[in-house]
4 protein chains.
Amino acid sequence: MAIMRLGRVQIRVPNWEKSVHYYKNVIGLIETARDENHVYLKAWDEHDHHSVILEKADSAGLDHLAFKCETAEDLDIYEQKLIEYGVEVDRIPAGYRIAEGEAVRFRVPTGQLVELYHEIDVVGNGMPLVNPDPWPDGLVGMAPPRLDHLLISGDDVEGTTKLFQDIFGFRIAEQLIAEDGESKIATWLFKTNTPHDVAIIKGPQGKLHHIAFWLDDWTEIRKAADLMGKNKVMIDAGPTRHGITRGTTIYFFDPSGNRNEVFCGGYITYPDSPTITWTTEDIGRAIFYFEREVNERFTTVFS
Amino acid sequence: MAIMRLGRVQIRVPNWEKSVHYYKNVIGLIETARDENHVYLKAWDEHDHHSVILEKADSAGLDHLAFKCETAEDLDIYEQKLIEYGVEVDRIPAGYRIAEGEAVRFRVPTGQLVELYHEIDVVGNGMPLVNPDPWPDGLVGMAPPRLDHLLISGDDVEGTTKLFQDIFGFRIAEQLIAEDGESKIATWLFKTNTPHDVAIIKGPQGKLHHIAFWLDDWTEIRKAADLMGKNKVMIDAGPTRHGITRGTTIYFFDPSGNRNEVFCGGYITYPDSPTITWTTEDIGRAIFYFEREVNERFTTVFS
Amino acid sequence: MAIMRLGRVQIRVPNWEKSVHYYKNVIGLIETARDENHVYLKAWDEHDHHSVILEKADSAGLDHLAFKCETAEDLDIYEQKLIEYGVEVDRIPAGYRIAEGEAVRFRVPTGQLVELYHEIDVVGNGMPLVNPDPWPDGLVGMAPPRLDHLLISGDDVEGTTKLFQDIFGFRIAEQLIAEDGESKIATWLFKTNTPHDVAIIKGPQGKLHHIAFWLDDWTEIRKAADLMGKNKVMIDAGPTRHGITRGTTIYFFDPSGNRNEVFCGGYITYPDSPTITWTTEDIGRAIFYFEREVNERFTTVFS
Amino acid sequence: MAIMRLGRVQIRVPNWEKSVHYYKNVIGLIETARDENHVYLKAWDEHDHHSVILEKADSAGLDHLAFKCETAEDLDIYEQKLIEYGVEVDRIPAGYRIAEGEAVRFRVPTGQLVELYHEIDVVGNGMPLVNPDPWPDGLVGMAPPRLDHLLISGDDVEGTTKLFQDIFGFRIAEQLIAEDGESKIATWLFKTNTPHDVAIIKGPQGKLHHIAFWLDDWTEIRKAADLMGKNKVMIDAGPTRHGITRGTTIYFFDPSGNRNEVFCGGYITYPDSPTITWTTEDIGRAIFYFEREVNERFTTVFS
């Protein structure tokens, strides 16, 4: 009876062949379907048909992000709430995307398209539901078990934050506050028990800072970094730890220039978790706890 | 507007002094209050006043377990639902326990006392809410960040499972099914996004199999085991991995004979996560994936 | 100008097909040659042609162990020393084994055949010697980088220990002393800077307790255990830590009944490292530090 | 009958109080003695009285490095060899430093003072030699078990390399070769079974690039980085992996400006290990395998 998770991101990848190869063989996602301009991918431990759609395009960026809702009725309820909130809403018909049902689409104040959906084919995680092993054979690359979160940018951070809070019941795990002591430069929002399902940062309107894949272990972070070395992936920052969320991390770029993250760790959140606030004089430590300084590329490159 | 988490367990510890020392210095919980017959403890990353209460007693065992609800109204709503379900319900007045408000108390079919509460003093996790470090100084022992789950035993596993499902919306992550292919020998239930907040197994009525503390890392499991070696803690099984939940684990006993677990890992759950079923011929692998056999003590000792 | 390392073990494997499959696909050794009754294997980071030879046989056990010497002259020097010491010595001609030169062969007081050799084909570790990656692609199974040590049994532990000390300059890293406070039940001997290259324990004459493969990381130990679970390998003990050597470990059996170990960690040794002594009342903690007790199988099964 | 290990470095620390505090509380070395201008320190798992001497001084840098020899006679033998090699040699009398005997002193072509010594008080590693635990209580900071290696700079890299090879029997594990395909820009030399005990790089004459402390685990690297964050230690690079040696690493500065490293992993070496060669077009990957580029500070700051 609510949003369950960040279920899908659709990413534009101008460098098409290399990007498809990269997401399949370096990240290690599994292709589940393909049409002329899209490749549908899932992480190995996800049961749904796909969580990442690559789109052949002229420029890099985020086509949209989508939350999976628990019930079909959630779409109607949320649609009504959005309309009452003054948000323009579209319906995407079932079958518009492979293996998916209807979706509700709207734009958040920071400019990104967001969809809500419930129906999607379930293909399983490659293991039986009776007496399974802990992991399947044949994993390749970094092999993240799942998509974790994304960070989007735009002007009205507070507007998008408030919308996610008011309509969907997201809560603020952490926030970065401007020197005025009040206005939000960035927010990290959770709906699950993780430290963030989506984050929003002041920056170019309608843009993507990064999508993040979950890794289970600091040792998996090292393996991911080895694979970046082997495959000449461009690293932006890390391996390091975030002050925000406490998670360990590497930022790097796909062959089309979209920033990816592998993320591991962080604390558990609950509805009563207190919001942690960061001030700008500690921004280095907030973003990269070990080094306590942020490289310029990290704060200026979006896609 | 729901149960948020397993918030508290109250454990009977006949071997009083040694047990208090053990939970504080070997497990590494923090004492927050004490009266004549109780010591109140919290794990370092919990914000509430306590999550474990030790009770001076003649025999080991579980006094009760308690779930923290999101709002005060949840208590009324759940109370009403329980009454309609035919369950006898008590109210524990505010102030009955140190730093706590009112609680709703009832007994589940497997015989354990369960409480629901909302009010409890918030004492924080030892770090500021502005610009914090990822962990505080001065941690001792295994230093789990939080209580994770517990496993209770009794005759009517299906009754307690159904009650948790029907009244509180718990879901079954995994289940162990008898040779008849139908009746449940054990269930692992989640309300958060973890693989289990509470589990129920066929066994002596009203008893405790173990309480489990969360550890972040397989390396923390090794450190916990080292501390068991150093402190002559009796290990029951592990370090090993569960087939069920995929988590890594050690089982061991407190000085009073209550079984403890340190648990790490496992997958994320959502309302649409499929239930995984285990059959009895694979019970060894289900419980201890590496060894594929269960020691007798593990299946026969409860407290 | 001395023994460089434990270079080779030859193991008898009656359960031939399954054992060959196991050493190649579960342990993850690489086949480099084969004749009618032997398969030659190397671990991935070894440069020499082979370190493990499997031998088709009627019963499990150790055919021989062999040390690689730094120079061809070492063979003559050691041969002379052995003869002066009263040990009967044979020469194995070049070509007796695939890819090897001459060897000097003798029997130690505990009954095992030991060889010394220098010449062996160098096949490399699968990576270039110019600008290599840290690890090659295509590793399978536990993928240990190298053979580490072995533990042999027999009656005259002190005789074999003394021979290794007097002739080859091995030193005692650790020893287990009988209740008389003097006689050695077991010794752990090093020639490299590791805590042991070979160990000797009181037990059936001329037998093998285990051969051990090196793993780099506690996380690799977990992965090895996962593979034991997946492949139904019989575990003897572990994952655990040794008091002796401090190493982390799993003991398990190949399909022919030879005990294997994966070993990780331990301290560095030097010629001036003090010998650590264990007494029998602490034997549990010496062998398995976490559990502080030794299962009967571990002390009674040899091959 | 040879050099056993890098036994000691003496480091000049102008920022005296902060540096002493840092080496004791952030690195976590143990003070064993002190005179007016020196603090003597050891890592916890070293048995000798000290391995690091801090010296009050006007500028940062390396006073000298010293190798511990196996026997007292080694000093005479090496002294004679050095004289024959044309190297000027001094004798440092016993008692010149606290807890030490005589030393032989000479200067290598790259300008550093090197000492050879055998006698030093043995103080143990804080644990009994009978039935010890795997680690002592009370460790603080990063708590490296031992000093591992150092990297020195100067003009005549080949001269110092050759001297270490010819006189002491060091071998080249890895080397970085100039564009002429021949001349050595840097060499990594081993005498133990580690990938390097000392390394030499083209750079300012007689200078120190870094001293490195050993850590056992990639997780210890993360903990060390956390402590750098907590204690505002300036990080130069890392956590990352070296192409050279495969080790994982962080470079950072002590409060006086001497570069430190924590180093973990790497392969085992033997006298027959092949030399790995790196060419300048791959220098980024050689130094920092993940990022494949070297920051300017790393190549220009020496002390």
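Predicted model: local features only at pLDDT ≥ 70, side-chain atom pairs only at ≥ 80, totals over all residues.
Me: What area is buried between chain B and chain A?
Reply: The contact takes in 40 residues of chain B and 39 residues of chain A. Carbon and sulfur atoms give 51% of the area buried between these two chains. The total comes to about 3,400 Å².

Me: Which three residues of chain B lose the most area to chain A?
Reply: The area buried between chain B and chain A is about 3,400 Å². On the side of chain B, three residues together account for 19% of what that side buries. They are N131(B), P134(B) and R246(B).

Me: How many salt bridges does the rule find across the interface of chain B and chain A?
Reply: One pairing joins the side chains of R246(B) and D45(A), with 2.8 Å from N to O. That pair qualifies as a salt bridge because the distance between a side-chain nitrogen of Arg and a carboxyl oxygen of Asp has to be within 4 Å. Across the whole interface of chain B and chain A, the number of salt bridges is ten.

Me: Which element gives the largest share of the side of chain B that touches chain A?
Reply: Between chain B and chain A, 25 residue pairs are in polar contact. On the side of chain B that touches chain A, β1 (3-12) and β17 (276-279) of chain B each supply at least two residues. By class, that side has 16 nonpolar, nine polar and 15 charged residues. The largest share, four residues, comes from β17(B).

Me: Is R246(B) buried or exposed?
Reply: R246(B) is placed in the loop between β14 and β15 (248-253) of chain B. Its relative accessible area is 13%. Residues under 20% count as buried, so R246(B) is classed as buried.

Me: What is the phi of R246(D)?
Reply: Most residues other than glycine have a negative phi. R246(D), in the loop between β14 and β15 (248-253) of chain D, is not a glycine and yet has a positive value. This residue is buried, with a relative accessible area of 14%. Its phi is near 65 degrees.

Me: What area do chain B and chain C bury between them?
Reply: The contact takes 21 residues from chain B and 21 residues from chain C. Of the area buried between them, 54% is on carbon and sulfur atoms. W218(B), F290(B) and R292(B) supply 33% of the area that chain B buries against chain C. The area buried between chain B and chain C is about 1,900 Å².

Me: With which residue does R241(C) form a salt bridge?
Reply: The count between chain B and chain C is two salt bridges. In the one formed by R241(C), the closest N and O atoms are 2.6 Å apart. The partner of R241(C) is D226(B).

Me: Which element supplies the largest share of the side of chain B that touches chain C?
Reply: Chain B and chain C have eleven residue pairs in polar contact. The elements giving two or more residues to the side of chain B that touches chain C are α4 (218-230) and β14 (234-241) of chain B. The residues of that side divide into nine nonpolar, four polar and eight charged. The largest share, eight residues, comes from α4(B).

Me: How many residues does the largest nonpolar core have?
Reply: Those with the most contacts inside this core are Y23(B), F164(B), F168(B), Y23(C), F164(C) and F168(C). Leaving out residues up to four places away in sequence, Y23(C) touches several residues, including I11(C), V13(C), L41(C) and F213(C). The largest nonpolar core has 132 residues.

Me: Is G284(C) buried or exposed?
Reply: G284(C) is found in helix α5 (residues 283-287) of chain C. Beyond its neighbours within four places in sequence, G284(C) is in contact with Y289(C), R292(C), E293(C) and V294(C). Its relative accessibility is 9%, so G284(C) counts as buried.

Key: Residues numbered from 1 in each chain as written. Chains lettered and ligands numbered in written order. Heavy atoms only, no water. Buried < 20%, exposed > 50% of the residue type's maximum accessible area, 1.4 Å probe, protein only. Contact = heavy atoms within 4.5 Å. Core = buried A, V, L, I, M, F, W, Y, C linked by side-chain atoms within 4.5 Å. Buried area = accessible area lost by both parts, 1.4 Å probe. Polar contact = N/O pair within 3.5 Å; in protein donor to acceptor, adjacent residues only side chain to side chain. Nonpolar A, V, L, I, M, F, W, Y, C, P; charged D, E, K, R; others polar.
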